[in-house]
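Have the viewer open as you read.

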Amino acid sequence: MATETAKVRAGRRVVEVRRPGKPLFGEGGATKEDLARYHARIAPLMLPHVRDRPVALARFPDGIDAQGFFVKHPSVPDWVATVETSGGRMMLCQDAAALVWCADQAAVTLHAWQSREPRLGLPDRMVIDLDPAGDGPEAFAACRAAARDVREVLDDLGLAAYVMTSGSRGLHVRSPLRPEADDQEVRVLAEAVADRVAARRPEELTTEVRKAARGDRLFVDYLRNGREQLAVVPYSVRARPGAPIAAPLTWEDLEKVETARDLTIDLEREKCPFAGMGRHARSPRRALERLG
């Protein structure tokens, strides 16, 4: 008996999605076809954030209620681009069809490098991940406050700040950079930013990597930066009930969001709050100089 497939148009290519009716987000939740069609629909907003960046996949072939696994070096069709990295050959998502193919692989979440081809190892993004100790409205309110702290510290260093929900519990603050400093230099910068943020309210914020040492404090995480480090791609879906997404926001809209999971695979959006982010890229080396 032939495996059921759905045909999803993605740009100039039609991609076959196998077992399209398979629920990925629990019984009655979004299916593999829903994920594929979301990727096709959101591609114009998502591709500027992922194109030319090595991508790793969080796959859940049996849905998010079963064990998933991480794939850094997937076998891809010949029409999906790849790039040789310091850690081996990785895939690139250059077009909508590649995003739909990821959905066919039950790749719920996409993670990408902070640098892009042909300047791999010279990041054009810095990511500060704000991870609360708990969940719910109070914990997310603490994330909002911490995000504003990050924005102020970045502004003091002459760097721009953009915010998005993680789709899980917290927020990411992203800063566009000129690709002039290497991975480790940007990691040093990110750690210094995180330290300055945590020092503002040390009883509430911490950069302590060990969970046991954090207590109830929010973790200001700079570890998404560095050699071969990955961060969730904007608009990527997270492996959570309801299919929430990592959603870029304006700073004004941040005040209207109650949890990191408010925005889901059902999102309809024509313009990205991160549009034109690259035009606000600033020098990481100058920021390091300002740190003294």
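## A buried aspartate

Aspartate 221 counts as buried, at 6% relative accessibility. For these labels, buried means under 20% relative accessible area, exposed means over 50%, and partly exposed is in between, with a 1.4 Å probe and protein chains only. Aspartate 221 sits in strand E12, residues 218-221. Helices (H or I, at least four residues) and strands (E, at least two) are DSSP runs, numbered from the N terminus. Setting aside neighbours within four places in sequence, aspartate 221 is in contact with Val127, Ile128 and Asp129, where contact means heavy atoms within 4.5 Å.

A word on ground rules: this is a predicted model, local features need pLDDT of at least 70, side-chain atom pairs count only at pLDDT 80 or more, and totals for chains, interfaces and linings use all residues. Residues are numbered from 1 along each chain as its sequence is written, and side-chain values use heavy atoms, with hydrogens and water left out.

The chain splits into domain 1 (12-118 + 230-239) and domain 2 (122-228 + 278-291), with bounds that come from an automatic or database domain assignment. Their C-alpha centres lie 25 Å apart. At the interface, 12 residues of domain 1 are in contact with 15 residues of domain 2. Together the two domains bury about 1,200 Å², 46% of it on carbon and sulfur atoms; buried area here is the accessible area (1.4 Å probe) that two parts lose on being put together, summed over both. On the domain 1 side, Gln114, Leu230 and Arg238 lose the most area to domain 2, together 39% of what that side buries.

What about charges and polar pairs? Two salt bridges are counted between domain 1 and domain 2, a salt bridge being a side-chain nitrogen of Lys or Arg within 4 Å of a carboxyl oxygen of Asp or Glu. Arginine 53 forms a salt bridge with aspartate 124, with the closest N and O atoms 2.9 Å apart.

Look at the peptide bond from glutamate 117 to proline 118: it is cis, with omega near 10 degrees. Proline 118 lies in the loop between strand E7 (107-112) and strand E8 (125-131).

Two residues other than glycine have positive phi: arginine 19, at about 50 degrees, and alanine 106, near 55 degrees. Arginine 19 is in the loop between strand E2 (13-18) and helix H1 (32-50), and is partly exposed at 45% relative accessible area. Alanine 106 lies in the loop between helix H2 (96-104) and E7, and counts as buried at 2% relative accessibility.

## An exposed lysine

Lysine 7 is in strand E1, residues 5-10, and is exposed, with a relative accessible area of 54%. Leaving out neighbours within four places in sequence, lysine 7 is in contact with Val14, Val15, Glu16 and Arg37. Its side chain makes a polar contact with the side chain of glutamate 16, at 2.9 Å. Lysine 7 and valine 17 are 10 residues apart in sequence and 6.2 Å apart in space, C-alpha to C-alpha.

How values were computed
Polar contact = N/O pair within 3.5 Å; in protein donor to acceptor, adjacent residues only side chain to side chain.
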